[in-house]
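The sequence and model are shown first.

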Amino acid sequence: MDDMEEIPKKVPRLGFRHLQAGLLFYGLAANTVLQLNVSVAMVAMTNENKSNNSDPAHFNWSEEKKSYILSSYYWGCALAQFPAGYLCKRFGSKAVLFWGTLGSSLLSALTTYGVYVADWKAYCAIRVLQGLCQVTWPCIHQHLANWCPTAERTRLGAFAYTGFDCGNVLAMYGAGMIADSSLGWPGISYSAAGLGLIWCGLWLLLGANKASEARFIGEAEKAYIVGDIQRSERKEPKKMEIPWKGIFTSVPVYALLCARCADSWGLTTMQNELPAYLSGVLKLDMKSNAVFSALPFLLMWVMCYVYLIIADVLLRKKVMSLTTLRKTYTSIALWAPATIMLSLVFVGDGQKTLVLVLVTLSVGVSSAATIGSELNTIDLSPNHAGILAGLMSSFTNLMALLTPLVVGVLVTDHSQRSQWQVVFSLAAGVLFAGNVIFLIWGTAVTQPWNESKESRRELEPEEKLFRHTKLEIAGDNSDGDVVGLKLNCTSP
């Protein structure tokens, strides 16, 4: 049945709940720009061959210092994930997301001044603080839970989360265009700050933690959302103790962790290092660099919807099981980029077009990870999916932190193709190994520790009593009129 058929007639088809999803989309895009535009900014800030004489002076930073700047954001981000989830529950997603985005935007506006005053160390410090302000994912999850009726949860949630893909494109293309303009590289931080501040104003005016708190929502829509959320809450289990022992001794959890870390390593390598590779090895100017840095992420955005449609058809027609689907999509997301990255190692210097095609494909196909491994936390434990997601996020942020540092050691001259070959080979190896582990030990079967201890023990006494027994009815040998009943224990 189509989702829209379950919506009461009096409820507007396009209402305040859609506005909240749109604000989340914009907020996620803005925060992604604040996070990722540094990779393009670094190229512009250290590019000696400036196309515009009015451009601000460049900085002679070593590859090691660049790696510190690129990774510093994730130092703060890794620390912020669990506290962000608690703060959202304590103070509401509106306040936490507002202050986080406001802080990150103001820090972005201070970037140019800080770099001029204290050079690369100031840039690192600002990026660490911006990472600490990164509370987007826990807040979006909480806000969607408060606003999305069951019938529309998938649709509104998918739309909101694609703000990340939109932000990827804007961070690469927009930053490159700005750097190539009269604004130069300082314009990258100022424009990102402006994008975030505008969102903060809209969020402050139109955002609301719950439908019951919204000022401009219609009564019919409010009743529809509040009623649906209340019904869902009644169906949900009571507060459960977190099964830490079950989680940390679960082989499928570790298999998923390996797949998520491998995906993070490969994607972060391209997000952070692609502009430097295109500039150093392929000698692309700033404008061309912006286009070809954004193109892979544009393809990734489009492929999200393609993969979603195909997966929906496969599951609806029962072509494959959920476990098979997860492993198939994860294999596409990890092994396809691994194969392409290995191909880059053997492509000659004069085959620029082929290199650009391969780079675009390596990022574009990786969006299969959303259906392949990102949603697997819900399969393993619907009741503790948030805890698993937080655990995965902490480790994937660690991978994102390490990737630029490793590249900084391997690449001492970003114009040397041989050094980038090592980077791509390493990424391919990590992607290949991560998927092998997931194929062997991964699963979409809900784990036993998903249920509370009370639920597991509810029928346990009766089950234990009769588990190995059976009731037998037989006539008595001494008197045909007597029927004998006995319990036969098959495994005493």
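## Basis of the model

The model is predicted: local features need pLDDT of at least 70 and side-chain atom pairs pLDDT 80 or more, while totals for chains, interfaces and linings use all residues. Residues are numbered from 1 along each chain as its sequence is written, and side-chain values use heavy atoms, without hydrogens and water.

Helices are DSSP runs (H or I, at least four residues), numbered from the N terminus. The expected span is 1.5 Å times one less than the number of residues.

Helix α5 (111–132) has 22 residues; a straight helix would span 32 Å, but α5 spans only 16 Å. A kink of about 140° in α5 is centred on alanine 118, the bend being the angle between axes fitted to the seven residues ending there and the seven starting there.

## Salt bridges

The whole structure holds 7 salt bridges (a side-chain nitrogen of Lys or Arg within 4 Å of a carboxyl oxygen of Asp or Glu). One of them joins aspartate 180 and lysine 287 at 4.0 Å, N to O. Aspartate 180 lies in the loop between α8 and α9 and lysine 287 in α13, so the pair ties together parts 107 residues apart in sequence.

Aspartate 263 and arginine 260 form another, with the closest N and O atoms 3.2 Å apart. Both residues are buried (under 20% relative accessible area, with a 1.4 Å probe and protein chains only; exposed is over 50%, partly exposed in between). Arg260, Asp263 and Glu374 are linked in a network of salt bridges.

How values were computed
Helices (H or I, at least four residues) and strands (E, at least two) are DSSP runs, numbered from the N terminus.
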